[in-house]
Amino acid sequence: MQISMFTSTTLAMLAFIAGTGDALATHTNHLDAFSANLPGCQARGAWGAAINSGSGTLAAGTYLYAIEALDAGGALGTGPCPAIQVVVAPAVHNAVAFQWPATPGATGYRIYRRLVGVTPALEALVIAAGPVTLLPAANAGCAAGGRCLFLDQGAAVNAPETATPVGVATDGGSTADVRILQRVDYGGADPNTAAEIAGDDPFPSALKTDTIEFPPGLAIDAGATRNAGNPVRCPLTGANSLLGSTTVFGGDDVNEDTCPRATLVGSVQAWLRTLGGIQSIPGEIYNGQAKGSEPLRLFVVLRPQCSVGSIFAPGSATCTAQLGGSNRQIEKLFLAAVISPVARGGGITAPDGNLVNAEDDAPVPEKLNVLAPSGAR
Amino acid sequence: MQIRQLDTRVFGSADQGTATTADDLPFQRLPQGCTAALATQVTTYADPAASIASLTLNLAGACVLFSNGFE
């Protein structure tokens, strides 16, 4: 069937039917990390998740991974970005999938792995006999830009070839990459449930508002993102924008999730619980077009499984089973962090960031949309 | 849909689309001082009471003057 237009039918009723009540729905907010690293690492924005690939042989364990971007002259940037941790569960996973935005100028990538508690250093994965450890950008599907993909199904390592990610930033006033790790427990007897397990958290119960009070003195320059020397921000709609068209959606909209690469200023790795289970999903942050007099608006796009561009593609066996049809897909989640100066008392003003629905500045959406061909149910 | 965790990384510099990072422009600078405190407030559709969490980033490199007797 040719899909000419998607209409949105939400999971609202399904979620309501599956409701468990709000009796134990007192949530607990956890801030698990707030850290800073030296800037300029490459490749930036990598997402990694343990999966079952069918033919994978990666042993269970807690792994750290780092990705280095290279051109003919060697490594780009100041070094690999801080390692990302992936837990491979026994009898559940056998591989780790990665996705990251192509690094400008990179012709290849080297992926490093360390098994926590076993190997002392990040060691390069062997891509081919030799040992060859350089993954050509073309083999990762990103020679012309876009997003790179790699699957570690238990590759051997070339132990002498190691990498050290960029160090911690400790100087006030310096340029630095900043990490903020937030986790929400949604209730139940245990107020500290890990993100990747359901535990005793009631479901559905969804995040509504999220305000980040940044430290006084943190300085962000919205004019730093440039294209050919001219400041550039990602528009909300239209060509090369966050939402693209306002009348067609998902795979039908060629302008959706097409913020200019020059406006990319961060990444997000999220754990999301839906009716289908708990999933790790990738996302990116762009310097977005501000509204009115607000100084800064960051656009956040999260790409759930079965949305366009996900490694779990719409129409795949997994998504067809989950959505009840090969012509259905999940709509991406488009959020905005509105950054505004707020008086904190004592003459101190500092930026607050409020997370909202990018389309209308309403609270964070309670549900994901399922997109189906117009007229289909 | 339940967002259970957000692991957010904001880049310190904006790359200019070139292979080198030498032309990157600073996008984000840390506060001056020895520490930087960050707080988050979260509500859910089921629970309108804000739950607050905070952490402090130690910026030891900024404390040289203090350790030299200027505190």
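Leaving out neighbours within four places in sequence, A:Y109 is in contact with A:A43, A:I67, A:E68, A:A69, A:L70, A:L135, A:A137, A:A140 and A:C148; here, two residues count as in contact if their C-beta atoms, placed from the backbone, lie within 7 Å. A:Y109 also turns up, along with A:Y65, A:V96, A:F299 and A:V300, among the residues with the most contacts inside the largest nonpolar core, which has 109 residues. Such a core is a set of buried Ala, Val, Leu, Ile, Met, Phe, Trp, Tyr and Cys residues joined through C-beta atoms within 7 Å. Buried, in turn, stands for 20 or more other C-beta atoms within 10 Å of a residue's own, exposed for 12 or fewer, and partly exposed for anything in between, again with C-beta atoms placed from the backbone. At least three residues of this core come from each of domain 1 (6-19 + 203-373) and domain 2 (41-163) of chain A.

A word on the model itself. It is predicted, with local features needing pLDDT of at least 70 and side-chain atom pairs counting only at pLDDT 80 or more, while totals for chains, interfaces and linings use all residues. Residues are numbered from 1 along each chain as its sequence is written, and chains are lettered from A and ligands numbered from 1 in the order in which they are written.

Back to the two domains of chain A, domain 1 (6-19 + 203-373) and domain 2 (41-163), whose bounds come from an automatic or database domain assignment. Taken over C-alpha atoms, their centres are separated by 26 Å. Domain 1 puts nine residues into the contact and domain 2 puts in 10 residues. On the domain 1 side, the elements giving two or more residues are β18 and β19 (277-288) of chain A.

As for secondary structure, chain A has two helices and 24 strands, taken as DSSP runs (H or I, at least four residues, for helices; E, at least two, for strands) and numbered from the N terminus. Its radius of gyration is 21 Å, close to the 21 Å that the globule rule gives for 377 residues, so chain A is as compact as a globular protein of that length. That radius is taken over C-alpha atoms, and the rule is 2.2 Å times the number of residues to the power 0.38. Along the principal axes, the C-alpha atoms of chain A fill a box of roughly 55 × 55 × 45 Å. Of the 377 residues, 46% count as buried. Among contacts in chain A with a separation of 6 or more, 69% are between residues 24 or more positions apart.

One open sheet is built from three strands of chain A in the order β3-β7-β11, with antiparallel pairing; strands pair if DSSP finds at least two bridges between them. β3 and β11 are the edge strands, each pairing on one side only. From one strand to the next, the twist averages 20°, with axes being lines fitted to C-alpha atoms (for helices, over the stretch in contact) and angles running from 0 to 180 degrees between N-to-C directions. Strand β7 (residues 95-101) has seven of its seven residues buried, so β7 is largely enclosed by the rest of the structure. In a regular strand the side chains alternate between the two faces of the sheet. In β7(A), both faces are covered, with A:A95, A:A97, A:Q99 and A:P101 buried on one side and A:V96, A:F98 and A:W100 buried on the other. Strand β3 (residues 47-51) runs antiparallel to β7(A) and is joined to it by five bridges, with A:I51 opposite A:A95. Six bridges, also antiparallel, link β7(A) to strand β11 (residues 147-152). In β11(A), A:R147 is the bridge partner of A:P101, and A:L149 is that of A:Q99.

Another open sheet takes in both chains: its 11 strands are ordered β2(A)-β13(A)-β1(B)-β18(A)-β19(A)-β20(A)-β22(A)-β23(A)-β14(A)-β5(B)-β6(B), with antiparallel pairing. Its edges are β2 (28-37) of chain A and β6 (51-58) of chain B, each pairing on one side only. Within this sheet, β18(A) pairs with strand β1 (residues 2-10) of chain B over eight antiparallel bridges, and A:A270 stands opposite B:L6.

Finally, A:N240 sits in the loop between β17 (230-231) and β18 (264-274) of chain A. With 14 C-beta neighbours inside 10 Å, A:N240 counts as partly exposed. Not counting residues up to four places away in sequence, A:N240 touches A:N255, A:T258, A:C259 and A:P260. A:R261 is 21 residues from A:N240 along the chain, and their C-alpha atoms are separated by 9.5 Å.
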